[in-house]
Structures are given as structure tokens and as C-alpha cells.
Amino acid sequence: MNKYLSFFRLRFVNGLQYRAAALAGIATQFTWGALEILMFKAFYTVDPDAFPMAFPALVSYVWMQQAFLTLYMTWYLENEIFDSIRNGNIAYELCRPIGLYNMWFTRSMANRLSRAVLRCMPILIVAAFFPEPYGLSLPRDSKAFVWFLITMVLAFIVVVAFCMLVYIVTFYTISPMGVRMVAVAGVEFFSGAIIPLPFLPNNIQRIFELLPFASMQNVPLRTYTGDLSGRGLYIAILLQVIWSVILIITGKRLMAKALQKVVIQGG
Amino acid sequence: MIQVEHINKTFKVARRNPGMSEALKTLFHKRYDSVRALDNVSFTIEDGEMVGYIGPNGAGKSSTIKILSGILTPDDGRCLINGRTPWKNRIEHVRDIGVVFGQRSQLWWDVPVIDSFELLRDIYGITEHKFRENLNELVILLNLQEIIKTPARQLSLGQRMRCEIAASLLHSPGILFLDEPTIGLDAVSKIAVRNFILDLNKKHKTTVILTTHDMQDIEALTKRVILIGRGKILMDGNLEDMKKQFGGYKKLILKYSGKGLNLCEGMHMLSNDYSRDEKEQVVNGHAIIELDLDTIQVSEAIARLSSQADLTDISVSGDSIDEVVVKLYKQYEI
């Protein structure tokens, strides 16, 4: 366990170095969040009853999403991992007494967390001071907040486990471009990154909610805004656990298979 | 102890002719050729041995190293290293080995080298005491005092290579694989690395397997040489024997003055520049003569030549190891 912690620490410290990138990220996320909220505002003005979520809840959804963007966006993949597969630097990683799957999992978590730590605070604090109804509101009660934390961790695991599959497929395709485009574009839509899942027609929403993508940001963000609670929440958490397990087991199996036939590229 | 028996490995390589239409064709039908990287490779290496593994580019050297270090799975064949099959018990196996790939880096690019070392300490679970001890030893022997506080990206190639070697030895492995460790190094760094490897082998009885194109590495480090070409082991033997077999020639370089040189059987004039002094009937010259040691001894040749002229300067040089290897490659047609 010590080795994973140490690995996590180095990766984490490494990630904290990129201050300029964090600043740029914060600026982008403010702009993006504001645009999204203004767009929805236009819809809500026309007919506030046509939507399944109250406007302040939607606003919180958007701000939380922007604050924790690097935790949940599947397009946030690590080029270093793709490169190491492409050019064969993976050779050194395979020379270590440590499982490659666990190592990459730890690494992805550390990377995403270090970025999120740098970015979330400014966004959360500033958004909280925006005037009603454009500001970030607190969760309904402390219980909702605890549930939010739990679902946040689970969603994080599902996202990383899913990204692991993208990395592993690269062992077979060598070039990551195709897989990335398809996986990323699809997941954006299915996970509620573009529009929250409750905004979709009911039948489609019911199917989407069973998919692993719904176990990503959809659950914690809706738990925070109070849109998801009670029985629906418990089912969502159960699905999160099931999908984490399935994704991790699939990833480990595929990885073991890939390593059997891996060819270290280049000299 | 390393036992390798009948290892085979074939790679599939996608090939196509140049050009747009060819590129479009491969969209629908890809042609693969299989390349036999390793063909029935077998050898045994005892504990504490230093072995040079040589062969021309693309002979299968790196593939062998990759199989031995557990990162490549061969098609068939057996390999036991300290009783374990590398690709089946990868994680246990790699605890015992250190690997340096001369063309890659294991150091974290943006952080000081010491941070990479400490990460390796945790990954291998090296105790703090053992880590300090090994680190101190490596720092002194490889002269790293200043270097280890610098980020890897700001090191020169020679400095980085010394750090790479140190990084591979922190967990005191019993076996060290070096895949072209002196590639791109200057003379000083090369000699430092060689001396270090020699010391390591003497002091810790570390088994060393070394692939290189630099024959001076081989000459300085190893007694035993394994030659591989087109995936086959062609020769496995003593470096001295190899030299004798292929290096039965010596060169005599001499300055002389006298009547001129009269060569006998076994001597072959490679070049001869001279000026004639008409008044005294003497020739002053500079000659390079090749001797075939099967027909004539060096002492005999010198005696013969000195009876014909005054030898003002003389030097004898053997066939260089590079020439030996060229002859070797030629003989095996690789």
C-alpha cells in the first residue's frame, strides 16, 4: 500500500506544479459555467414549469460540475500513458514489482485530484457569492451533503475505471485517437455533462440511468442539488458500486490479456 | 542462474509500399509479414558471470533482454531465472533484477533525481537503512553528489545515464541487464560506467548481461561473448578464443633507413613511403606490414627486417576488436 501512496504523492505534487494551467482552467470554467446558466435561464424564462429541476438547483449543478470538472470528465486522459504505450516506455513500468493496472489507476486518481484541488476552491467560493438565483446554494441538509461525498468518491472511481479501459484498448490499436474520440464524445452525452440527465425524455432517461455513464457525475451532482434522494439515491449508489466492480474487473482481465501479447515498440 | 531453452518469438510487421494508392489499399487489406525475431535461442548463464551479448542491429538482442526481464512473452520455449519464469511471475521476478534500457529513461522528467530514487525505494519496499547504504555507495562510485538534486530534464546524457544505472541498482538486484548502457556517452563517462560495472561485479557478484555495439565495452567488461544474428545464437564462447580465431593478424608499423625491405612469406606490405638518398645509397622510409601469425612469428619478422635495415622506430598492433567482429559477422553472413 505504501508504494501506491508514495506514487500518488509524487504524481500529486507533480500535478500541483502547473499553476498557469490551473488559472487558465479556472477562467475557462467560469466562462463556460456562466454561458450554460444564461442559456438555461432563457429556457426557464419562457416556461419555468417545463423543466424537471428548479432553476437554483440547475445552477448549483452547473457550478459543482465546473468546480470538479477534472474529477469527472472522461476526456481528461493522460497523454503520458498513451505515449508510453506508443513509444515503448512502458518497458520500465513493467520492470517494477507492482501491478500495472493499480499503478495507472493510482496515477490517474492523483492526477485528477491534484488538478481538482487547485481549481475547485476559487470556483466554489466565487460562485457561492453570486447573487440569487445565479449563485451556488448549499445542500438541503448535512445528510444530503454526506451522501454527496459518498457518491462523489464512487463516481470518481467509475470514471477512472472507465478511462483505464480506454488506455488498455490502446494496447491493441496503438493509436489512441479513434478510441478517444468515440469514447469521449459518447460519454459526454450519456453522463449528463452536456445537459443533466433528468432533462431527457422519461423513457430514454430510464435506460440511460442504468448505464455506467450515469454513475459518473450525474449521481453526485444531483445528490448535491437535492434532485436525487431517498429510494432513487440508494438505487443509484448500488449501480455505482456494481459498475465500479464490473469496470475494474473487466479492466484487469483485459490488461492481463494485453500484457501477454504486448509488443514493446521501438528498439 | 539463468537458463534459456529453445525460445522463439515472431513479430507481425505491417508493411506497405510508399504512395497514396498503396496507403488507401491498406485500409481494406493489410499485409503482414512475420519476422522471426528469435529462433530457437538457448544459453545458460551462471551467477556472477558477465556476458556480452552482441550482434548487428535487428539481430534480436533487445528482444532477448525484454524476455529475460519479463516484459515480453515468447511464443514458446522455457526460461528459468532463479527458478522463476519471467513472464509468468513477472512481479516476483523483477524484484531480483535491474534493467537499464540505454535509449529510454526511468527518471521522472520534471522532478529532481532524488525524488525518483525515493519513489523507487517505496515501490521496491527497500528499508530506509538499506536505501541509505546503497544510495551512498552509488553516489560515491558514480559521482552523483551534485547531480541528484537536479531535475532529470536538466542533466546531460552522461549524467543522466549514470543516474539511470544508479536507479536500477537501488534495490540491490542479483542480476543486471544493460541494454546499450554507453550509447552516446563521451570517453570519460564511458570509462566511468565501465569501471563501475566491473567493481559492481567484483564486489557484489552481480550477474551482468550487456548488449552493446561498442566493442570496447565488451573488451573491457566481459570474458564470455554470445553472438546472435537473425534471431539465432551463432557463437557462445570466450572473447580471447574468438580473437585468436578471427584475429590471427598483427600489424607492424616501422620507420627504417637502409637498403630497402625484402619481404618473405607471411608478410604483406600495406603501405611504404620512402625517399631515396642517391649519394649514400640509402632509403629512408615508413612502412606498414601485415603479418599472418600462422606462417610467421612477430619476433622472427622483426629479426628478419632488422637484418635488412636500421629500424629507427617500431610498433606492433593487434587486430582491433571491431575488425574481429566485422570478420565474425562476415563469416556468419549476418
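Me: How many residues sit between S8(B) and S9(B) in the hairpin they form?
Reply: Let's start with the strands (DSSP runs of E, at least two residues, numbered from the N terminus; helices are runs of H or I, at least four residues). Strand S8 (residues 224-229) and strand S9 (residues 232-238) of chain B run antiparallel and are joined by six bridges; two strands count as paired if DSSP finds at least two bridges between them. B:Gly229 has B:Lys232 in S9(B) as its bridge partner. In the turn, B:Arg230 has a positive phi of about 45 degrees, and the number of residues between the strands is two.

Me: What pLDDT do local features need in this model?
Reply: Residues are numbered from 1 along each chain as its sequence is written, while chains are lettered from A and ligands numbered from 1 in the order in which they are written. This is a predicted model: totals for chains, interfaces and linings use all residues, side-chain atom pairs count only at pLDDT 80 or more, and local features need pLDDT of at least 70.

Me: Which helix of chain A has the highest confidence?
Reply: Go by pLDDT, the predictor's confidence in each residue, from 0 to 100. Chain A averages 88, and 98% of its residues score at least 70. Confidence in chain A is lowest in H1(A), with a mean of 80, and reaches its highest, 93, in helix H12 (residues 230-260).

Me: And what is the mean pLDDT of chain B?
Reply: For the complex, the predictor gives an ipTM of 0.77 and a pTM of 0.81. In chain B, 99% of the residues reach 70 or more, and the mean is 86.

Me: Which helix gives the largest share of the side of chain A that touches chain B?
Reply: The contact takes 20 residues from chain A and 24 residues from chain B, with residues in contact if their C-beta atoms, placed from the backbone, lie within 7 Å. On the chain A side, helix H1 (2-16) and helix H6 (90-94) each supply at least two residues. That side divides into 10 nonpolar, seven polar and three charged residues (Ala, Val, Leu, Ile, Met, Phe, Trp, Tyr, Cys and Pro count as nonpolar, Asp, Glu, Lys and Arg as charged, and the others, Gly among them, as polar). The largest share, six residues, comes from H1(A).

Me: Is H2(A) roughly parallel or roughly antiparallel to H3(A)?
Reply: Look at the angle between helix H2(A) and helix H3 (residues 55-67) of chain A, which is about 160 degrees, with the axes 9 Å apart (axes are lines fitted to C-alpha atoms, for helices over the stretch in contact, and angles run from 0 to 180 degrees between N-to-C directions). Among the residues that meet are A:Trp32 and A:Phe40 in H2(A) and A:Leu58 and A:Trp63 in H3(A). By class, this contact has nine nonpolar, three polar and one charged residues. The two helices are therefore roughly antiparallel.

Me: Why is H2(A) called oblique to H7(A), and at what angle do they pack?
Reply: Angles under 35 degrees count as roughly parallel, over 145 as roughly antiparallel, 65 to 115 as roughly perpendicular and the rest as oblique. H2(A) (residues 19-46) and H7(A) (residues 100-128) have axes 9 Å apart. Their contact includes A:Gly25 and A:Phe30 of H2(A) and A:Leu118 and A:Pro122 of H7(A). H2(A) is oblique to H7(A) because of their packing angle, which is about 40 degrees.

Me: Which strands stand at the edges of the six-stranded sheet in chain B?
Reply: This open sheet has the order S5-S6-S7-S3-S8-S9, with mixed pairing, and its twist averages 15 degrees from one strand to the next. S5(B) pairs with strand S6 (residues 175-179) in the parallel sense over five bridges, and B:Val99 stands opposite B:Phe177. Two strands have a single partner each, so one side of each is left without a neighbour in the sheet: S5 (97-101) and S9.

Technical notes: Two residues are in contact if their C-beta atoms, placed from the backbone, lie within 7 Å.
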